[in-house]
Amino acid sequence: SSMAGLQICSVLVTGANRGLGLGFVQHFLRMPNPPQWIFATCRDPKGQRAQELQNLASKHPNVIIIPLEVADPTSIKAAAAKVGEHLGGSGLNLLINNAGIAKPNSLDNETPENMIQIYTTNTVGPLLMGQAFLPLLKKAAQGSPGSGLSCSKAAIVNMSSYAGSIEDMYVWDFGQIVSYRCSKAALNMLSRCQSLAYKEHGILCVALHPGWVQTDMGSRGSYKPPLTVDNSVQGMLKVLSSISEKETGAFLDWEGKVVPW
């Protein structure tokens, strides 16, 4: 199996109620030896949009649903405390910052409110998540043998997007999505900063482009994106199982190819 290389005791996924987040939870459950703890977070666990996640959690005791709004620092701190309680003395191996929002707008119609709201969720959120979960990630790294970096030891995975590439203005004609592009370009810089700051603690950091995926967010208008959630998540998990310190701070796609900055 492509995921055989990934041996993790615990993982946290934000935005886990649908799309790629839910896909990650489903794939972790299908592993030959699934994580002992899968912390699935979303804004409204009791809401209609989290029904599928609730069904999974009722069947699998290793899925722990935690309410988390990544735009709210208090919510992040509370979630980190809850996760710490569940883990007891052990650390968190993998943090997947997947929660994100987009508001399609042309450059002419972009507003300060949009810019700030999207930056707060897509960029500030992952920054605060890294800060809040650093002690648990450090603990996982310390408890893992060997000096190298890997996603099985301790890692932060930031769900980025090719739309954040400055060098290659990906599908500009399809959608200007300026606020989203800016937030992802900034997230890429955050990933670089995290990779440098957290390397000494044994934590790998990577920015991932999941491909153009058939999700609520990816499917806009009449165009159907080429990739299913299943294929994307499978590809990303394969990438995560194979990367090491060489790739910390990199911007990779779901097939492991380097995406231009």
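Trainee: As what does Cys-9 count in terms of relative accessibility?

Mentor: This is a predicted model, in which local features need pLDDT of at least 70, side-chain atom pairs count only at pLDDT 80 or more, and totals for chains, interfaces and linings use all residues. Residues are numbered from 1 along each chain as its sequence is written, and side-chain values use heavy atoms, with hydrogens and water left out. Buried means under 20% relative accessible area, exposed over 50%, and partly exposed in between (1.4 Å probe, protein chains only). Cys-9 has 46% relative accessibility, so Cys-9 counts as partly exposed.

Trainee: How many disulfides does the structure hold?

Mentor: A disulfide is taken as a pair of cysteine sulfur atoms within 2.5 Å. The number in this structure is zero.

Trainee: How far from Cys-9 is the nearest cysteine sulfur?

Mentor: Cys-9 is in no disulfide. The nearest cysteine sulfur belongs to Cys-151, at a distance of 14 Å.

Trainee: Which residue has the cysteine sulfur nearest to that of Cys-193?

Mentor: Cys-193 counts as partly exposed because its relative accessibility is 43%. Cys-193 is in no disulfide either. At 10 Å, the nearest cysteine sulfur is that of Cys-205.

Trainee: Is Ser-10 buried or exposed?

Mentor: Ser-10 lies in strand β1 (residues 10-13). Leaving out residues up to four places away in sequence, Ser-10 touches residues including Pro-35, Trp-37, Phe-39 and Leu-87, where contact means heavy atoms within 4.5 Å. The relative accessibility of Ser-10 is 0%, so Ser-10 counts as buried.

Trainee: What pattern does the protein chain follow along the sequence?

Mentor: Helices (H or I, at least four residues) and strands (E, at least two) are DSSP runs, numbered from the N terminus. The protein chain has six helices and seven strands. Read along the sequence, the pattern is β-α-β-α-β-α-β-α-β-α-β-α-β.

Trainee: What is near 30° at Ile-177?

Mentor: Ile-177 is in the loop between β5 (155-159) and α5 (178-198). Most residues other than glycine have a negative phi. Ile-177 is a residue other than glycine with a positive value near 30°, and the angle is phi.

Trainee: What is the radius of gyration of the protein chain?

Mentor: The radius is taken over C-alpha atoms, and the globule rule is 2.2 Å times the number of residues to the power 0.38. Buried residues make up 52% of the 261 residues. For a compact globule with 261 residues, the radius would be near 18 Å, which agrees with the value for the protein chain, 17 Å.
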